[in-house]
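This report describes the structure shown below. It begins with one residue and its partner, and then turns to the chain as a whole and to its interface.

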Amino acid sequence: MRVTSKMMQRTYLKNVNSLTSGTQNSLNQLSSGMKLFKASENTAAAVKAYQVRTSLNRNEGYSSNLSHADAVLTSSESVLLGVEDRLKEAKAKITQALNTTNSENERATIASELASIQDQIFQAMNSNDSGFYVFGGSNTNSKPFGTDANGQLTYNGETLSTLANDPLDPTVHALSHDALYLDVGLAPELDADENVISSTVFEYSITGIDVMGYGRTVVTPGSASVTAGSVTVSGDYTGLDDAVYTYKTVANDGVATDGWYKGTDTEPTDLSELGLIVTGTPASGDTIDATAGDVVSSNLYDVLGELVKELTKSDDAGSASYSVDRAEKLLAVFDTAVATVTTQLTNIGAKTSYIEYSENRISTLDINLNQKQADIEDVNYAEAFTTFSSLYTSYQAALNIGSKIIGPSLFDYMR
Amino acid sequence: MGSTFASVYMSYRAMSAATAATGTVGNNISNMNTEGYTRQKTVLESQTLSGFHSRYDQNLVSTGNGVAATTTVQIRDTFLDARYRAENSDTGRFDAISAGLTDIENILDEISTKGMQNQFDDFVNQLQNLSQHPTSKDIALVVRTSAQQMSQMLNVYATQLAQVRDQQAYDLSSVTIGTDFNSTVESIANLNGQIREEYLYGNNPNELIDQRNTLIDNLSKMANIKVTVTADEVADGITLEHVTISMYDENTSASIGLVDHTKANTLFVEDNGERVSIGMDTSFRLPNTPSNIDYDDITDYFTTGSISGYLDLMNGKGDYADVVGGENDFRGIQYYEQRLDTFAKMFAETYNTLNSLQTTDATEIANRMSTMTFDEKLALWKDPHTTVETTTDAAEIATLTGSLSSAELDAVKELAKDYPNLVELNSSGNITKMPKDVTKMTIKEKNLFTPSDGSAEITAANISISTDWVNDSLFITTTKDITSANGLPTLSGGNDNVIRMISAVSSEHEFHTDPTDAKTDLKFTGTFNEYMISMGGTLALDVELNGNYLETSNTILTSLANSREATSGVSLDEEASNLLTFQSAYNAAARYFTALDEMIDKLINGTGLVGR
């Protein structure tokens with residue numbers, strides 16, 4: 001085959017060019033520390049790199065959420081620990097007050113101390129952590145606790161004593177489950193109604209209603225007497241007022257309804273809701289005369305209020321005078337309420353340890369991901385430098401022979 | 001014996017042939033670096049005595065009559081030319097595609113720059129922050145800024161892709177076709193005329209042929225050309241070559257002429273903003289050109305060469321092409337534009353819907369539906385966020401269909417195909433199930449993203465955050481429990497809707513050709529991130545693939561160029577040895593002349609002087 005100088009030159013240039021671009025790429029890698037500059041250089045690695053980057057970015061969000069939850073829980077915990085201390089103090093005071101040797105005045109002093117503890121607890125539960133109220137559930141903007149016209153504790157506008165004792169009651173359920181949630185990497189999902197499935201997110205708030213308690217407790221049951229008829233009434237009457245219920249027929253909106261009516265009510269009363277169980281067949285005109293029992297609000301604030309009221313009563317005011325017996329019963333209600341606070345503190349402990357676990361999980365994941373990212377995106381200097389050296393040697397060799405290629409021809413040897 | 005001076009002339013002819021051959025060597029050496037130059041060779045022929053013999057001639061010993069340089073020929077292999085040009089077309093195509101795709105990659109690639117994926121990740125993290133402080137105006141502002149940056153980034157992508165397209169269109173119409181291609185075919189036609197004239201004058205236009213070959217090589221880089229040489233009988237017994245260059249379609253065997261001897265057809269480019277087509281101004285038509293050809297649009301005849309590369313880049317719609325309708329399915333600029341548009345639309349639609357409130361209030365729904373057109377009602381039924389109650393009761397169906405026009409009835413029946421949850425038909429095509437009531441609907445009045453140019457559809461080019469959101473950073477709905485069924489107080493601090501928005505990040509979406517219409521083709525199923533990764537991956541693979549094609553093609557081209565060079569190139573060693581040979585031949589002829597001179601001198605001056 002004929003080989004012309006132009007062919008040699010062309011091949012030489014092509015090879016030198018490929019060496020130069022190889023050397024340049026190698027130099028770029030070494031000087032930047034990056035293995036890839038364009039996805040097309042290694043598509044598979046690039047796709048992996050994108051995925052790793054996204055995971056790392058997501059973890060950043062999860063970490064931030066976890067530390068936020070941790071901060072809120074820590075702040076809730078310290079508030080509740082303070083409340084618990086106050087409650088211990090209150091318990092000691094009450095026990096002291098129940099000592100029968102105490103005079104009216106001594107009781108009044110203790111009562112005023114209790115009133116101040118009651119107020120401190122109220123303030124504590126309304127505490128605000130960097131702009132939001134920690135115990136308000138999703139109501140983070142305004143103080144969750146207040147008092148109604150009767151001085152009863154309200155939570156997010158609902159008077160706690162008027163709520164049913166049943167945790168499954170819709171209002172109670174809504175209030176105690178109205179919490180704050182965060183995505184901590186469990187991939188939040190929605191149910192068919194597009195509500196967030198709570199097991200896929202982390203609930204980090206403690207709702208005030210769960211701390212303070214709700215509903216009412218019967219201190220002394222009421223009683224009911226029946227007039228005429230074959231009706232028997234049993235059970236505790238826990239209604240808040242004395243009342244006479246008459247069995248009659250009332251036409252309302254053209255519909256006649258049989259039932260027990262209180263006074264001039266147009267709607268019948270469901271006696272079972274009041275704790276009265278009626279057996280037998282009532283006849284029209286039968287009446288039940290109910291006498292109210294002693295029912296107090298179960299929540300911590302109201303119970304303390306009730307104790308303060310009881311302790312300030314005078315010793316000789318007839319039926320309105322101080323009763324050690326009642327105070328002791330109220331103390332039992334108070335003890336039950338204190339137990340809820342302790343439960344919530346345990347609850348916070350459980351949540352905090354979950355956060356710790358998650359933070360560990362995420363930081364381990366981060367280490368792995370960073371390692372993976374380094375493997376994909378970062379230059380292995382030993383390897384890169386070896387490549388560079390061998391390329392550079394080839395390049396120098398190529399330059400060295402370059403001058404010889406367009407070298408002699410027969411002309412150089414003709415005389 | 002022969003005439004006295006015959007040998008003198010033989011010697012003269014030998015010297016003159018050696019001079020001519022030496023001249024060719026000189027010409028070869030001079031042009032060794034000239035682009036397109038073909039090595040030449042002087043053809044030497046030995047001369048014999050011929051012609052009329054005298055009847056009185058005696059039988060002589062035939063000595064021949066020396067040498068003559070008859071012509072100068074080019075050493076060239078036409079088969080190699082054809083192969084070189086075919087490969088050159090491929091190289092041209094991959095060169096154009098590779099350059100164009102690299103331009104797109106420079107815009108969309110995120111390996112060494114922070115792009116869309118990074119911005120999306122940022123948006124998600126800002127949403128996580130918002131879920132921590134759902135009522136904070138400042139954090140909502142940061143979320144908005146992040147969303148705004150994302151929409152601006154999409155705008156920038158769209159603009160840059162449009163710029164790449166403009167650049168490609170300019171390169172194609174003004175440079176490649178407007179200048180290179182058209183001037184090349186015209187020059188070739190001119191040269192054809194000159195070459196024939198030279199032949200007619202009896203000249204040997206080797207240099208003009210070199211020029212023509214170089215031009216044809218250039219042409220082959222731009223298009224899939226085929227060169228045919230036939231013979232024209234210009235006068236009795238005189239045939240001269242007739243060069244035809246055409247574009248040949250292998251599938252239909254149809255040819256479109258580009259150059260026919262001295263006539264040339266030039267191209268022009270039509271760009272309607274979406275599709276770029278190529279037409280031809282014709283001055284002739286080849287016999288095997290199909291008669292029904294539309295010379296205003298011969299776009300599809302370009303299969304290789306840089307022009308086809310440009311066309312694919314600009315017209316290629318990839319998956320989105322209507323192949324049956326003749327659209328180009330190369331993954332070009334329009335493909336990536338469409339993918340970005342789909343992303344933008346899907347993203348906007350998802351977050352607009354999430355931001356919108358839903359109502360289950362019967363009066364509210366009745367009010368809203370009473371003002372809807374039939375088409376709007378159809379769209380509402382199809383919306384996956386709507387809860388529709390259907391009826392299978394014949395009497396109810398009769399009442400419902402009674403109020404519909406026949407066109408509307410057909411539209412309802414049409415739903416049975418894709419929405420069997422809404423409408424069912426029996427075997428005779430009558431409705432057995434259809435929507436009766438809507439019990440939950442989305443009130444689409446709280447859009448986070450709107451088109452900035454007032455058009456109906458969101459695209460990557462026009463996506464922007466809505467004026468409402470610009471005016472109030474808390475326009476983003478953080479909780480949907482604002483009104484609750486049991487009359488609970490307003491709890492505005494909830495973050496349930498932010499969590500819904502975060503959940504939309506990790507959940508899979510169905511990306512249809514039109515993301516808002518589930519009836520159009522399903523192109524991709526996955527999360528937003530996966531969609532972006534898949535787009536980047538597709539692009540990277542295409543760049544890699546076409547880069548490899550280009551490299552392979554270049555290697556083949558280089559080896560073919562070397563083969564051509566091996567045949568037609570000037571080798572100095574060879575020329576030097578030729579020079580030596582012809583110089584020696586010249587010297588020898590001169591020496592021969594000296595010998596003859598001495599012989600004649602002997603004859604004239606030394607003959608007949610016996611004894612002097």
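In this predicted model, A:Arg107 is buried, with a relative accessible area of 2%. A:Arg107 forms a salt bridge with A:Asp315, and the closest N and O atoms are 3.1 Å apart. A:Asp315 is partly exposed, at a relative accessible area of 42%. A:Arg107 belongs to helix α3 (residues 104-125) of chain A, whereas A:Asp315 sits in the loop between α6 (300-312) and α7 (324-377), so the pair ties together parts that are 208 residues apart in sequence.

**Salt bridges around A:Glu310**

A:Glu310 counts as buried, at 1% relative accessibility. The side chain of A:Glu310 meets that of A:Lys313 in a salt bridge of 3.0 Å, N to O, and A:Lys313 is partly exposed, with a relative accessible area of 27%. A:Glu310 also forms a salt bridge with A:Arg326, where the closest N and O atoms are 2.5 Å apart. A:Arg326 counts as buried, at 15% relative accessibility. These residues belong to a network of salt bridges that links A:Asp294, A:Glu306, A:Lys309, A:Glu310, A:Lys313 and A:Arg326. Over all chains, the whole structure holds 34 salt bridges.

The table lists salt bridges described in this report.

| Residue | Partner | N to O distance |
|---|---|---|
| A:Arg107 | A:Asp315 | 3.1 Å |
| A:Lys313 | A:Glu310 | 3.0 Å |
| A:Arg326 | A:Glu310 | 2.5 Å |
| A:Arg2 | B:Glu574 | 2.6 Å |

**Chain A as a whole**

Chain A contains eight helices and 15 strands. Its radius of gyration is 40 Å, while a compact globule of 415 residues would have one near 22 Å. Along the principal axes, the C-alpha atoms of chain A fill a box of roughly 150 × 60 × 30 Å. Of the 415 residues of chain A, 42% count as buried. Among contacts in chain A with a separation of 6 or more, 69% come from residues 24 or more positions apart.

**The interface with chain B**

In the interface, 62 residues of chain A are in contact with 67 residues of chain B. Together the two chains bury about 5300 Å², 53% of it on carbon and sulfur atoms. A:Arg2, A:Tyr50 and A:Glu194 supply 14% of the area that chain A buries against chain B, more than any other three residues.

Between the chains there are two salt bridges, and one of these joins the side chains of A:Arg2 and B:Glu574 at 2.6 Å, N to O. There are also 30 residue pairs in polar contact between chain A and chain B. On the side of chain A that touches chain B, the elements that give two or more residues are α1 (5-32), α2 (43-98), α4 (170-177) and β6 (181-182). The largest share, 16 residues, comes from α2(A). The residues of this side divide into 28 nonpolar, 20 polar and 14 charged.

B:Ser568 is buried, with a relative accessible area of 9%, and its contacts beyond four places in sequence include A:Arg2 and B:Tyr37. Helix α13 (residues 496-506) of chain B is mostly covered, as ten of its eleven residues are buried. What covers these buried residues includes α2 and β6 of chain A, together with elements of chain B such as α14.

Key
Residues are numbered from 1 along each chain as its sequence is written. Chains are lettered from A and ligands numbered from 1 in the order in which they are written. This is a predicted model: local features need pLDDT of at least 70, side-chain atom pairs count only at pLDDT 80 or more; totals for chains, interfaces and linings use all residues. Side-chain values use heavy atoms; hydrogens and water are left out. Contact means heavy atoms within 4.5 Å. Buried area is the accessible area (1.4 Å probe) that two parts lose on being put together, summed over both. A salt bridge is a side-chain nitrogen of Lys or Arg within 4 Å of a carboxyl oxygen of Asp or Glu. A polar contact is a pair of N or O atoms within 3.5 Å; within protein, one must be able to donate a hydrogen and the other to accept it, and residues adjacent in sequence count only if both atoms are side-chain atoms. Helices (H or I, at least four residues) and strands (E, at least two) are DSSP runs, numbered from the N terminus. Ala, Val, Leu, Ile, Met, Phe, Trp, Tyr, Cys and Pro count as nonpolar, Asp, Glu, Lys and Arg as charged, and the others, Gly among them, as polar. The radius of gyration is taken over C-alpha atoms; the globule rule is 2.2 Å times the number of residues to the power 0.38. Buried means under 20% relative accessible area, exposed over 50%, partly exposed in between (1.4 Å probe, protein chains only).
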